[in-house]
Amino acid sequence: KAFPSLSEAEIAKLPRVKQKMVAPPFAPEHDPVAKGGPKVVEVTLTVEEMPWKLDDEAETIALTFNGSVPGPLIVVHEGDYVEVTMENPETNAMEHNVDFHSATGALGGGGLTHVLPGETAVLRWKATKPGAFVYHCAPGGSMIPYHVIKGMNGAVVVLPRDGLTDGRGNPITYDKMYYIGEQDFYVPKDENGNYMKFTEAGEDFSEVMELARGLIPTHEVFNGRVGALTGEGAMTAKVGEKVLFVHSQANRDCRPHLIGGHWNYSWEAGSFDDVPGRGHETAIIRGGSAGVFHYEFEQPGVYAYVNHNLIEATELGAVAHMVVEGEWNDDLMKQINKGGETV
Amino acid sequence: KAFPSLSEAEIAKLPRVKQKMVAPPFAPEHDPVAKGGPKVVEVTLTVEEMPWKLDDEAETIALTFNGSVPGPLIVVHEGDYVEVTMENPETNAMEHNVDFHSATGALGGGGLTHVLPGETAVLRWKATKPGAFVYHCAPGGSMIPYHVIKGMNGAVVVLPRDGLTDGRGNPITYDKMYYIGEQDFYVPKDENGNYMKFTEAGEDFSEVMELARGLIPTHEVFNGRVGALTGEGAMTAKVGEKVLFVHSQANRDCRPHLIGGHWNYSWEAGSFDDVPGRGHETAIIRGGSAGVFHYEFEQPGVYAYVNHNLIEATELGAVAHMVVEGEWNDDLMKQINKGGETV
Amino acid sequence: KAFPSLSEAEIAKLPRVKQKMVAPPFAPEHDPVAKGGPKVVEVTLTVEEMPWKLDDEAETIALTFNGSVPGPLIVVHEGDYVEVTMENPETNAMEHNVDFHSATGALGGGGLTHVLPGETAVLRWKATKPGAFVYHCAPGGSMIPYHVIKGMNGAVVVLPRDGLTDGRGNPITYDKMYYIGEQDFYVPKDENGNYMKFTEAGEDFSEVMELARGLIPTHEVFNGRVGALTGEGAMTAKVGEKVLFVHSQANRDCRPHLIGGHWNYSWEAGSFDDVPGRGHETAIIRGGSAGVFHYEFEQPGVYAYVNHNLIEATELGAVAHMVVEGEWNDDLMKQINKGGETV
Ligand SMILES: [Cu+2]
Ligand SMILES: [Cu+2]
Ligand SMILES: [Cu+2]
Ligand SMILES: [Cu+2]
Ligand SMILES: [Cu+2]
Ligand SMILES: [Cu+2]
Ligand SMILES: [Mg+2]
Ligand SMILES: [Mg+2]
Ligand SMILES: [Mg+2]
Ligand SMILES: [Mg+2]
Ligand SMILES: [Mg+2]
Ligand SMILES: [Mg+2]
Ligand SMILES: [Mg+2]
Ligand SMILES: [Mg+2]
Ligand SMILES: [Mg+2]
């Protein structure tokens, strides 16, 4: 094992840092290459049950970690210990917990973090495998998919201490990291074909689950809402910048594609212990996982970042934009004649 | 080619062994590393058309190999010859055959094994590629999906003669092997919304196929029934044991995930000629294939093994349990404060 | 970078070749290993909006590149420049464009190739990454999936200049290349359950898109029609021949499987910069991508090439045939006893 088992006394002596969580698509401040040895990284997840607009027509009661869908991205290094404070404020209506795919045992910690409204649990787990991993609420039985499809999921990135490599001996660097959480919502309609509105968390349980059994969502969105990552919310970069995209879907398969680009490196199954794919046009994220994609932008302009089931993209909502500044490169692409011109 | 073509006379001189088939999730006795050279391995597949309870509400007439869904796991070594006796007892109503994805030519043997009730066919095929492969009935046309979604499929594991490796020069060992066959069922409902019951194999053909055309199953289960691998049927291991999971789905994509674990090695596409993935949280099984996953258990407790489309898991039935005994490791995970306690 | 940026003057001096496009499943004439340095390869894509029979019952108005579904395969080498003439004849009704997944910037060229009926655009892009890539029409918003699910997509193969390798130092050769474009169609039905007929391109937009939102196609076919690649249209080979299959699906995931064979090499995600998988029974094509599969035929007979969701294969149309001539090999498979015989 790369990282030896430590005793409780040894863990108590490790440096402790508090990770400042930020709302996606942003990633918390972090070192791409670790400085020093393992740390205890403290994170706080606070459950917020809240009304949530999906688009102009549909709204639901979302269940969230820290008020965002997806929950905040956590970034640590292999060998670190993550100490999670899981708060369920008294104002909430439902029981929650958290299952980390990156953690070992006790249903990923789900068995040790059940909190009723007004309760707080604290769990420590060790990051043993490098990669990107989903976390999500999993209170038991049908409540597991219900909480997940209400938005209660996020991701952890466990970086190798020495940083990323291409699996062929070369380091991979990046200038920024974005986190896209793709989310399926199942909003039931009434007999007139209008989206139903509910006022309390859990009130729509039977209608939502009946619809969900059909496995076809009404909405499939990035970062919680149609249009969350377009316009004002668009991601940005400059020509020459290297961007690491973390993409999670806690329930359904999806297929991230950057229109006008093609991943330089893709850790599609999310593990940094794999040799990354190179030059993939489109990836598949296994439902219930997070993958990582690296791209160095070579052209300016607006890129659409989509789920390339194009029906899910334009009709269900899975579209983001990436606005890139810089100089156009004619060698890579040149408009010889514009439509409308006589050739 | 690793294994030279043998003449009929040479094959006649090979040692012959009869593989004792066992019902899944168990695997037949076998040597992880082959002792000696190629053998002829005899297996018998007997078709059983039988009433089949899926849960408290739904039942169907299943079409099975040897009375289980999935059919029995076959385990051989690369270079072995498999001699299959395919029996269709006179008491059955339908024609059947068997297509081995691991076999070469004649539609995987499907073209050479058609048996009407009362008939028996014998087919020999050579295991040329190491990996896990689906076998299934494929009598022709719409009968192909009908027989497959009625349960008539199983898997073969073709081990490298020298055993498994991590693709980086290191052998991989295992203490036990489990076989999970994931199965989609399409049980039609009547006008009152109750599951329809039929009494004869093939009687529900048009209703089932009309429903199946919609591509959304009513049930998605492990080993034939909701709950087949929980409670009494749960799989077991001890901390420190290495378990090899073979997972097949003969028709639909699915995404095996072990809650509280993460595959040490995953041959997701089922080939032992690939370098296995490491540290994957969730895999995707391509519809019509079998994959293999290796995990060394590090913590005791109950693990849920699910299809991580969580709706398919809890609502459609794709949940199994793994009960693991041993000592808890605080280094990997520790409950610092329980919900309900004041922090 | 392997291929340095060239100035406009340098590009002007490169050799120019016109690629003669052929209808799928055939591939254009090409050199598996490039002779000489980069070229400018001229291709012409002409949009044809046309009535299109899917089977005996359903027809639609297809939107096509060059009158076929999928559009013609383009084959170039890494480092080549592709100069695309995109023609939208005056007789058409709709605006079109073309987005190449293999191109860099401007939405894959989609932003620079919008053509109204009567217009022609010319775009040049450089093939920088080796692999198989989808191209498709993407005029904007809901018109993107509409044009794609009406057939307006094809593929480009960018070969490494030195030819294919197995990623372990050995060259991979092939005797022929076939191109299978898998296509989902969504044909709406009227209140009597009959497929609706329309007469003009775009007239069925709202009905098709309403149906498409449900994500379940009415047809899933190879090369545009049920049965396009069976009977007269079957693909052919001889025992000992090596065939390279290029398989694209511009929208939905699919799972190519050759009944009776198993890929020798599979570049499932479509990149020739990946180490190909070996011995895969079934692949998954991510919706919005093209993959490549290599098989050397070892047995004569009829092979079915299917999407191994068998419901999609036999009920929705995703079946092709491969007719192979040569000598049967008893070592690989032998019928010991035929069904019907007493054993
Ligand atoms: Cu919750
Ligand atoms: Cu999970
Ligand atoms: Cu059968
Ligand atoms: Cu099959
Ligand atoms: Cu178009
Ligand atoms: Cu595209
Ligand atoms: Mg490691
Ligand atoms: Mg509970
Ligand atoms: Mg992951
Ligand atoms: Mg071999
Ligand atoms: Mg027959
Ligand atoms: Mg397999
Ligand atoms: Mg290259
Ligand atoms: Mg336009
Ligand atoms: Mg590709």
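**Notes on a predicted three-chain model**

1. A:Cys254 is buried, with a relative accessible area of 0%. The model is predicted. A search over all chains finds zero disulfides. A:Cys254 is therefore no exception: the nearest cysteine sulfur belongs to C:Cys254 and is 17 Å away. A disulfide is a covalent bond between the sulfur atoms of two cysteines.

2. **The copy in chain C.** What is the relative accessibility of C:Cys254? The value is 0%, so C:Cys254 counts as buried. The closest cysteine sulfur to that of C:Cys254 is in B:Cys254. The gap is 17 Å, which is too far for a bond. The cut-off for a disulfide is 2.5 Å between the sulfur atoms.

3. **The copper site.** Which residues coordinate the copper ion (ligand 6)? They are A:His308, C:His101 and C:His136. A:His308 lies in the loop between β19 (301-307) and α4 (310-314) of chain A. C:His136 is in strand β8 (residues 131-136) of chain C. The pair A:His308 and C:His136 therefore joins two chains. A:His308 is buried, and C:His136 is buried too.

4. **The magnesium site.** The magnesium ion (ligand 9) has protein donors from chains A and B. A:Ala132 and A:Ala290 each give an O atom, while B:Glu281 gives an OE atom. These donors lie 2.1 to 2.4 Å from the ion. Why does the pair A:Ala132 and B:Glu281 join two chains? A:Ala132 lies in strand β8 (residues 131-136) of chain A, whereas B:Glu281 sits in the loop between β17 (265-267) and β18 (289-296) of chain B. A:Ala132 and B:Glu281 are both buried.

5. **How the chains relate.** Chain C can be laid on chain A by a turn of 120° and a shift of 0.0 Å along the axis. The RMSD is 0.0 Å. That is the relation of a three-fold axis. The copies use different surfaces, as 5% of the contact residues of chain C recur in chain A. Chain A can be laid on chain B with an RMSD of 0.0 Å, by a turn of 120° and a shift of 0.0 Å along the axis. Here too the surfaces differ: 5% of the contact residues of chain A recur in chain B.

6. **The nonpolar cores.** The largest nonpolar core has 84 residues. Which of them touch the most other members? They are A:Leu45, A:Phe100, A:Trp125, B:Leu45, B:Phe100 and B:Trp125.

7. Leave aside residues up to four places away in sequence, and look at what A:Trp125 touches. Among its partners in chain A are A:Asp80, A:Tyr81, A:Val82 and A:Phe100. A:Trp125 also touches B:Leu332 and B:Met333 in chain B.

8. **A buried asparagine.** B:Asn92 is found in the loop between β5 (81-88) and β6 (99-100) of chain B. Is B:Asn92 buried or exposed? Its relative accessibility is 10%, so B:Asn92 counts as buried. A polar atom of its side chain lies 3.4 Å from the backbone nitrogen of B:Glu49. Beyond its neighbours within four places in sequence, B:Asn92 is in contact with B:Val47, B:Glu48, B:Glu49 and B:Pro117.

9. **Cis peptide bonds.** A:Val69 and A:Pro70 are joined by a cis peptide bond, with omega about 0°. A:Pro70 sits in the loop between β3 (59-65) and β4 (74-77) of chain A. In chain C, a cis peptide bond joins C:Val69 and C:Pro70, with omega about 0°. C:Pro70 is in the loop between β3 (59-65) and β4 (74-77) of chain C.

10. **Positive phi values.** A:Asn66 has a phi near 65°, a positive value in a residue other than glycine. A:Asn66 is in the loop between β3 and β4 of chain A. With 26% relative accessibility, A:Asn66 counts as partly exposed. A:Leu215 is not a glycine either, yet its phi is positive, at about 70°. A:Leu215 lies in the loop between α3 (205-212) and β13 (219-222) of chain A. A:Leu215 is buried, with a relative accessible area of 6%.

Key. Residues are numbered from 1 along each chain as its sequence is written. Chains are lettered from A and ligands numbered from 1 in the order in which they are written. This is a predicted model: local features need pLDDT of at least 70, side-chain atom pairs count only at pLDDT 80 or more; totals for chains, interfaces and linings use all residues. Side-chain values use heavy atoms; hydrogens and water are left out. Donors are N, O and S atoms within 2.8 Å of the metal (3.2 Å for Na, K and Ca); water is not among the atoms, so sites may look incomplete. Helices (H or I, at least four residues) and strands (E, at least two) are DSSP runs, numbered from the N terminus. Buried means under 20% relative accessible area, exposed over 50%, partly exposed in between (1.4 Å probe, protein chains only). A polar contact is a pair of N or O atoms within 3.5 Å; within protein, one must be able to donate a hydrogen and the other to accept it, and residues adjacent in sequence count only if both atoms are side-chain atoms. Contact means heavy atoms within 4.5 Å. A nonpolar core is a set of buried Ala, Val, Leu, Ile, Met, Phe, Trp, Tyr and Cys residues joined through side-chain atoms within 4.5 Å. Copies are superposed by least squares on the C-alpha atoms of residues with pLDDT of at least 70 in both.
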